[in-house]
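Subject: Handover of a structure and its side-chain interactions

Dear colleague,

Please find below the structure that I am passing on to you. My notes on what was found in it follow directly after.

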Amino acid sequence: MDAPAAPAVPPPSPPASLGRLPVAVGVLAFATVLLVGLGAGTFYPFGRFDFFVTGPQTQASLLVLVDAAGTAHDLDAYRSLACDGPLRELVHACPRQPDVTQVVRDDDALARLERAGTPAAGGEPVQLVRRRWRVTDLPGPPPHDDCQICRCRAER
Amino acid sequence: MTATSPWGTASRAPMRVGLGLLNAFAMLHGIAVLMQGTAVAAGPTTPLVHLLRSPVVAGALVVLAVALLALFAWGRRPLATGSGALVAVALLQHALAGLDSRPDESLYLPGVALLGWCAGLLFGRAALGETTGPRAEAIAEFSAAGAVAGLLALPGLSQLVQPGSHHAAVNALRSVMVGAATFEPGSLGGRLQAAVVDDPALTLTLTRLLVAFQLAAVVYPLQRRTRLVYGTGVLALMGLELAFGLRSVDAAFALVALFTYPWPALARRFGGLPALASAPAAPDPRRVRRALLGAVVVAVTLPAAAFRLSRDPKAETGAPPAFATSGPESIHRGDVSFGWTFAATRPEGAGFCFTLERPDARVVFYVVEPGQVAATFPCAPGDAGTPTMAGQLVLGTYAARYEASPGDQAAVDAARAALADRFTGQVR
């Protein structure tokens, strides 16, 4: 009587033959990047990303549209928009924080404003402003001021 | 092993391709953003930076980096091509870093993953004698995942070791949130924004939770399940930033998704990516032990070297900060930069006070060394005019506070550029 054939056992896959070795390498890589980054600070591709701690982070600003009732709206709240004057010059005349994020956000906002269609008839009057906040240690909404940029007509 | 990686026994070649593509995309996108920000750029600081910023050299570096990343993705000498691409991107980043004051996570995360991948291949050469093939790439995957986790944990550890940083982080998070977007009154986004911005106690709790979450990144390379859970948490946080307009769907987002989810198993359901079947012999234990020992030595030596290089030797002897006494190239009273005159320079506490003057304006900066927090303004408050406009900014890796005449933001912008031009790259 023939012995039953042993079931075919699939060979271990290449990664399986390594056991826990890759995990050990991963943990070593974790520790090395963490400690080198802590020691070296920002040095590509190491970066502490601690600008929340040391950055220009008590001020913020945003381009917004303020309606007749004084309520601020995002630029996307309106479908079409027509503003008085050369938009880019007027926006740049209202100072912003000197960091590249603000520059990029300004450019994006301007592109959105320039892409917006013209209101068909009339539209509601709104004011384009740069709203600037100054965060203090006090609870409650941080105080802000508005740098007036130009008047616009907008349609939702 | 199959239980520890979401990719199981599948080939890591698609992961390598994704890593190469994401690095190429992140580099090109990062450069575009930095070039867009040239309006706030500091001038060239060193001959090397000046050279690298020339269009011809920068263009050549971009082409070289893209070509090397394409070869890496293709699997052609991945250790050499991946390392070469990293060097090319690092040079570009060094040249353009002065154009932006902040490292870009969408560029750094793919970069550190590529570094981890290459380090894993190097380990594969030492332990297995191979830098290509399934076994080497399985190690490279974990090495890359560990490197990504290390970078994700770094902000948390950095905040933990810096005294007073929690307080700064609270106001930073509040200011980021308030300036993130304008929500319609009564909307969910508006209520969430107000909850964080208006309540410093809640923001403090959130920042502490965020630090704990960042430090928990150590679980990312350990197990398939922990990678899935932690990676999903990271993506959820990124999604939250996305909802508040603080980021876009970028290379970092895609990279975390690439390493977190079992894409081969998902693809297999639709008929692609068969599992690997070959079974090479287990590696020689003695060779693996030697390689591990070497890796541990590197893991200890590199951080020690980084700490030594970044430490100011004069600080230990109580001498003023390095940038105050670095020789004739350092900033002196009477120096002129971009039409501004350095009317006064003096060491103060952990930093240095610089008073910049031009006929129509006067701005006083208090600059502290990297890793320090400019929590106060000890440079004769009111010296720039009374009442004053005050704020904070960064100069490369240095933090500064400033005071200027009220409403004169344009002067602050200009004086910052003048200071950064003399400051960045000359301070050591």
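A search of the whole structure, which is a predicted model, finds 1 disulfide over all chains. This bond joins A:C83 to A:C152, with an S to S distance of 2.1 Å. The torsion about the S-S bond of A:C83 and A:C152 is about 95 degrees, so the disulfide is right-handed. Because A:C83 lies in strand β3 (residues 80–83) of chain A and A:C152 in strand β5 (residues 144–155) of chain A, the pair ties together parts that are 69 residues apart in sequence. A:C83 counts as partly exposed, at 24% relative accessibility, whereas A:C152 counts as buried, at 4%.

Another cysteine of chain A deserves a remark. The sulfur of A:C150 has its closest cysteine sulfur in A:C152, but the separation of 4.0 Å is too far for a bond. A:C150 is buried, with a relative accessible area of 6%. In chain B, B:C118 also counts as buried, at 4% relative accessibility.

I turn next to the charged residues. The search finds 11 salt bridges over all chains. One of them links A:R112 with A:D74, the closest N and O atoms being 3.1 Å apart. A:R112 lies in helix α4 (residues 100–115) of chain A and A:D74 in the loop between β2 (72–73) and β3 of chain A, so this pair ties together parts that are 38 residues apart in sequence. A:R112 itself is partly exposed, with a relative accessible area of 26%.

A further salt bridge is formed by A:R156 and A:E124, whose closest N and O atoms are 3.8 Å apart. A:R156 lies in the segment after β5 of chain A and A:E124 in strand β4 (residues 124–134) of chain A, so the pair ties together parts that are 32 residues apart in sequence. A:R156 is partly exposed, with a relative accessible area of 45%. A:R156 also lies over the face of A:Y78, at 4.7 Å from the ring centre. In chain B, the charged end of B:R76 sits over the ring of B:W74, 4.3 Å from its centre.

Between A:D145 and A:R132 there is a salt bridge with the closest N and O atoms 3.1 Å apart. The former lies in strand β5 of chain A and the latter in strand β4 of chain A, so the pair ties together parts that are 13 residues apart in sequence. Salt bridges that share partners also join A:D74, A:D76 and A:R112 into one network.

B:F342 counts as buried, at 0% relative accessibility, and so does B:F354, at 2%. B:F213, B:Y220 and B:Y230 form one aromatic cluster.

Finally, the largest nonpolar core has 64 residues, of which B:L109, B:W117 and B:F259 touch the most other members. The element that gives the most to this core is α6(B), with 12 residues. Leaving aside neighbours within four places in sequence, B:W117 is in contact with residues including B:F72, B:A144 and B:F259.

With kind regards

How values were computed:
Residues are numbered from 1 along each chain as its sequence is written. Chains are lettered from A and ligands numbered from 1 in the order in which they are written. This is a predicted model: local features need pLDDT of at least 70, side-chain atom pairs count only at pLDDT 80 or more; totals for chains, interfaces and linings use all residues. Side-chain values use heavy atoms; hydrogens and water are left out. Buried means under 20% relative accessible area, exposed over 50%, partly exposed in between (1.4 Å probe, protein chains only). Rings of Phe, Tyr and Trp (its six-membered ring) pair if their centres lie within 6.5 Å; planes under 30 degrees apart count as stacked, over 60 as edge-to-face and the rest as tilted. A charge sits over a ring if NZ of Lys or CZ of Arg is within 6 Å of the ring centre and within 35 degrees of the ring normal. A disulfide is a pair of cysteine sulfur atoms within 2.5 Å. Helices (H or I, at least four residues) and strands (E, at least two) are DSSP runs, numbered from the N terminus. A nonpolar core is a set of buried Ala, Val, Leu, Ile, Met, Phe, Trp, Tyr and Cys residues joined through side-chain atoms within 4.5 Å. Contact means heavy atoms within 4.5 Å. A salt bridge is a side-chain nitrogen of Lys or Arg within 4 Å of a carboxyl oxygen of Asp or Glu.
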